[in-house]
Amino acid sequence: MPKRYANLFEECFTLEALFAAYRCARKGKRGTRSVMEFERNLGANLQQLQDELKDFDPDADELSYQLQPYRRFMVTEPKAREIAAPAFRDVVVQHAIYAVIYPIFDKGFIHDSYGCRVGKGTHRANDQAQRFLRQSPKGSHVLQLDIRRFYYRIVRSTLQRLLERKIKDRRLVKLIMMFAESDGRFGVPIGNLLSQLLALIYLDPLDQFIKRTMKVKRYVRYVDDFILFGLSQMQAHRYRHLIELFLSTELGLQLSRWTVAPAEKGVNFVGFRTWRRTRYVRKHSLYRFSRSLKRGDTASVTSIMGNALKTATFAHLCRRVKAERPDLIPQLPLYREVKDASPVQVPA
């Protein structure tokens, strides 16, 4: 049995912890109305939060701390989904919880889980995918899989059991599960800070199954998109069946798609088209770049170019800015630094 941690609730909600959580929650939002309203009476608001949480009883008919209604809206990039934005005071509480429990769970995750983790991210996920492609034997295959509507299909009772394997504190588990509540029978809200960590916790058994039980050496996952490298074609199909069975029986999830392909054909992963020796950004990023360049949206152009910096696409983007919108060059510090760059090869 894994080590279980007690007395975490009090650690989460000291005034010092709540103030630190407030400082994290306000980053990038200082000018918003919700943050300014909270800051007007900062001391009183933090004290009220602590008082409500200090009296929190998971067995009470009426809880002393209640979540405020979410602000819901739709986004279409990279795909259509509903975002549930919590009230700022609830974001503060989530940051306070996250600061305490993230290190507890993170040290048990496998190295090659890259989504929503400190020091990881899409670029490092893609670096590792390219490294595994290079290590894959000649003539081998990759198995790439994606989970259907992952956040919407999380079984909350299973999630709670996974939390309780590490957290002995019933009050904290109850509070975390309040942030996991959604409209339907399944799923967690997309938009909560804690939902990102809960997603990591929920798929950790899959990672352990693939690495420890199936003994797959080359495996990388970013949220619900994951790849196994260096397989024979027969292995790939057998592993796909085992993974599909595990997801269904242990986590109540289904695959939305899977592909078995020769390693020489590369992989589409975390926004990049990647082969052993080179990589490119996906077509969707080029469409966004064209629109942003035409509008003169320097923030978007800089972001897309920064994302493409370690790819063979970068020099192409530089040439397009120079040819189509030279007036933007003074506003693009990244372009000024590498305006004469040739196509980039990522070092081994």
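How many bridges join strand S3 and S6, and in which sense do they pair? I looked this up before anything else.

**Ground rules.** I am working from a predicted model, where local features need pLDDT of at least 70, side-chain atom pairs count only at pLDDT 80 or more, and totals for chains, interfaces and linings use all residues. I number residues from 1 along each chain as its sequence is written, and side-chain values use heavy atoms, without hydrogens and water.

**The sheet.** I find S3 (residues 141–147) paired with S6 in the antiparallel sense, over seven bridges. Strands here are DSSP runs of E, at least two residues, and helices are runs of H or I, at least four, numbered from the N terminus. Two strands pair if DSSP finds at least two bridges between them. I see His141 opposite Pro262 in S6. Helix H10 (residues 193–213) packs on the sheet and touches S3, S4 and strand S5 (225–231). I read about 170 degrees between the directions of H10 and S4. Such angles run from 0 to 180 degrees between N-to-C directions, with axes fitted to C-alpha atoms, for helices over the stretch in contact.

The open sheet has four strands, in the order S4-S5-S3-S6, with antiparallel pairing. I note S4 (219–222) and S6 (255–262) as the edge strands, each pairing on one side only.

**Thr274.** I next checked Thr274, which lies in strand S8 (residues 272–274). Is Thr274 buried or exposed? Thr274 is buried, at 0% relative accessible area. Buried means under 20%, exposed over 50%, partly exposed in between (1.4 Å probe, protein chains only). Leaving aside neighbours within four places in sequence, I list its contacts as Asn126, Gln130, Leu133, Gly266, Val267 and Arg279. Contact means heavy atoms within 4.5 Å.
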